[in-house]
Structures are given as structure tokens and as C-alpha cells.
Amino acid sequence: MSADTDAASVGGPEDRPAGGVGLATSGASRPESPGAGPRRWLGDRIGSVEVLAALLILLIIFREPLAAALDTPRVQTWTTVFVSIMVQAVPFLIFGVLLSAVIAVFVPRSFWARALPRHPALAVPAASAAGVVLPGCECGSVPIAGSLIRRGVTPAAALAFLLAAPAVNPIVLTATAVAFPNNPGMVLARGLASLVVAMVMGWLWLRLGRTEWIRMPRRPELDDASRGRAFWGAVRHDVTHAGGFLVLGAMAAACINVLVPQRWLQTLADNPALSILALALLAVLLSLCSEADAFVAASLSQFSLTSRLVFLVVGPMVDLKLIAMQAGVFGRRFAFRFAPATFVVALSVAVVAGAVLL
């Protein structure tokens, strides 16, 4: 959906420029077509409440066949994976949305001009380092990066923060240390590799990125409103927008989790090269929260430490739910270019870090 379409669907008449008033007035005086009456009658009579009531009636009628279908092991596994991803991700999504709204409404643009170096190439490592002190996961970093871009931060720096924050914050590094008590080098390798990937991707964007790839939706609810109304308007928008794509990503991850046989993992672990690629792809498909992925990686004891490091570096930067959320916030053209490039860079840097530090 384009930015103009998004703005048209969100903003009311008061959000449109003055030049659009004449169009709205002429539209109000236009005579209705002959078929407009019945369609409007149905639209007035059938709404979300009626649709919900019809669904509840259908559920009551077909409750026995549905209960039998949902009582299978695969469906139960799917439900467990989906719920676990949502339970892990939603608190951090809410945290990120609230922080995003604070940045969008209360932080002046002049602050970012003072906080970050003026030169974009120097702003990238500064933004990457900011992720070290900000607890959160990839679900919260996407709306925060969107707000940073809206507040005038160069996209390269905002994208570097987006990648660094979920992987190098204190909560994630502490969880990694707890999950790998006998391998303290894993914490250092994960932190350094993730920082390097974030900076490399930021610099690559400066070199190869194009502004037209990022299509930020217009935010009319932030204009001409009090700070309180603008804050809650931004929160509602980001929860609806990012949360919907999070649900789609979690559903896709649950489907993959059910369809991939577990015996394949052992076969792949016996081949060093394939094991690295397998865990990189597994990190994308599982879509684990960065605060919990270290414990999953530790349980994959049949794989080498380097393979598991790849899992930990790739996961917080490229997974199904993150790609879906990036497509919703920045546009599909951006996500379908940025995600594959990040995957290649993260895989390469993690392999080198594992070879040197583990």
C-alpha cells in the first residue's frame, strides 16, 4: 500500500490540505447513483458486530467437528509455537511502540542533530552503539527505527540501530551468558559479530541504498494535535500496524515449525558447511525473540559452536516476523532488498567470528 493510500485511509477531512476542501465539498453535493441506496443500506446494517455474531453462531453449530480437528498433535504443536512467539514478542513490541511514540511526539528534531555525528558515516557506528544500552527485541526496534527516520535521522543510522539493538543489549547478552556457562566466548562473539553486521549494513545503505525504497506511511494523527492526543494516536497506529504483521509472521513461523521434521537436523549437523546454512535458515524460520533464542541454540548440542553462533547472529536481524514487520513499516520494496542482504552479511560475519573467537 502506498503512503498516499495509507494516509487517505487514516486521516479525516481535517488532515487534508486546504486544496482538497473543494473536492470534498463537490463530492458531498454529487447526486447518488441508482445503485448506491441498497449498497449503503447493507453497509449500515452489516458491520463488525454482526460479522462477529455470525462467526460465533457458526462456531457453536460446528463446535464438535472443530474440537476434533484441533485435538491433533500437529495443531497443538502449531498453537504452542504461535502462542509462545506472541507471548515473547508482544511485551517488547509494546515497549518499542511506547518508546517510538515518545520519540515521535516529545523528542525534538534538534536533539538528533546534537546526539548523532553530522557525517552519516560516523552516525552509523554511534547508532549501533546506542543499541547496547537499550533493552528490547526486534519487535520493538522496528517502530523505533521508523520514528527515528521520521524525526530526521539518516536512514543508515536508523537501520544500524534496528539491527544492533535486538542483538547487543544487556538482556540478550546476559541470557546468552546464562545459556552458555561453559563457553564465555559465545557472549563476546555474538556481541562483536552483531555490532559489525549492523555497521556494515548501515554503511552499505549509504553506498547502495535509495530513498525511494523506503515508503514511510504518512502520520496525520501527529499533526495539529496536542501532545497527549498525538502520543496515543501514534501508539494506536503502531500497535495495529506492527502488531498485525507480527501475527502473520508468527503464524508462518508456527507452520514451518510443524512441517520441518526434526530428524533432518541431525543429518544436517553431520556436515559442517550444511550445518551452518541450516541453522541460519532455521533462525529465519523459527522467528524466536532475541531474549530467548540463546536457550534454543544451547539445546542444539549436536551442532558446532560456530553454527549456533550463526543462529544467534542471524535470528535477531532476519526472521519471518521481522521481515513482515519491516514490510509493513518501511514498505515491501525495502524489506525484500534489505532482508536478503542482511542475511548474507550476518552469515559471513558470524562464520568469521566463530572461526576466530570460538
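This tour goes through a predicted model, one selection at a time.

**Confidence.** Start by colouring the chain by pLDDT. The mean for the protein is 76, and 74% of the residues reach 70 or more. Now select residues 1-42. Here the pLDDT is below 50, and the stretch makes 19 contacts in the model beyond near neighbours in sequence.

The patch lies on the surface, and its members include Val-51, Phe-62, Leu-66 and Leu-70. Together the patch residues have about 930 Å² of accessible area. Which helix gives the most to the nonpolar patch? Helix 4 does, with seven residues.

Stay on helix 4 and pick Ile-61, which is found there. Is Ile-61 buried or exposed? Ile-61 counts as exposed because its relative accessibility is 54%, and the cut-off for exposed is over 50%.

**Salt bridges.** The structure holds two salt bridges. For one of them, select Arg-190 and Asp-293, whose closest N and O atoms are 2.9 Å apart. Arg-190 sits in helix 12 (residues 185-208) and Asp-293 in helix 16 (residues 293-299). The two residues are 103 residues apart, so this pair links distant parts of the chain. Both Arg-190 and Asp-293 are buried.

Finally, select Asp-319 and Lys-321. These residues also form a salt bridge, with 3.2 Å between the closest N and O atoms. Asp-319 is buried, as is Lys-321.

Key
Residues are numbered from 1 along each chain as its sequence is written. This is a predicted model: local features need pLDDT of at least 70, side-chain atom pairs count only at pLDDT 80 or more; totals for chains, interfaces and linings use all residues. Side-chain values use heavy atoms; hydrogens and water are left out. A salt bridge is a side-chain nitrogen of Lys or Arg within 4 Å of a carboxyl oxygen of Asp or Glu. Helices (H or I, at least four residues) and strands (E, at least two) are DSSP runs, numbered from the N terminus. Buried means under 20% relative accessible area, exposed over 50%, partly exposed in between (1.4 Å probe, protein chains only). pLDDT is the predictor's confidence in each residue, from 0 to 100. Contact means heavy atoms within 4.5 Å. Patches are made of residues with over 30% relative accessible area and no salt bridge: like charges are joined within 9 Å, nonpolar side chains (Val, Leu, Ile, Met, Phe, Trp, Tyr) within 5 Å. Accessible areas come from the Shrake-Rupley method with a 1.4 Å probe; for residues, only the protein chains shown count as cover.
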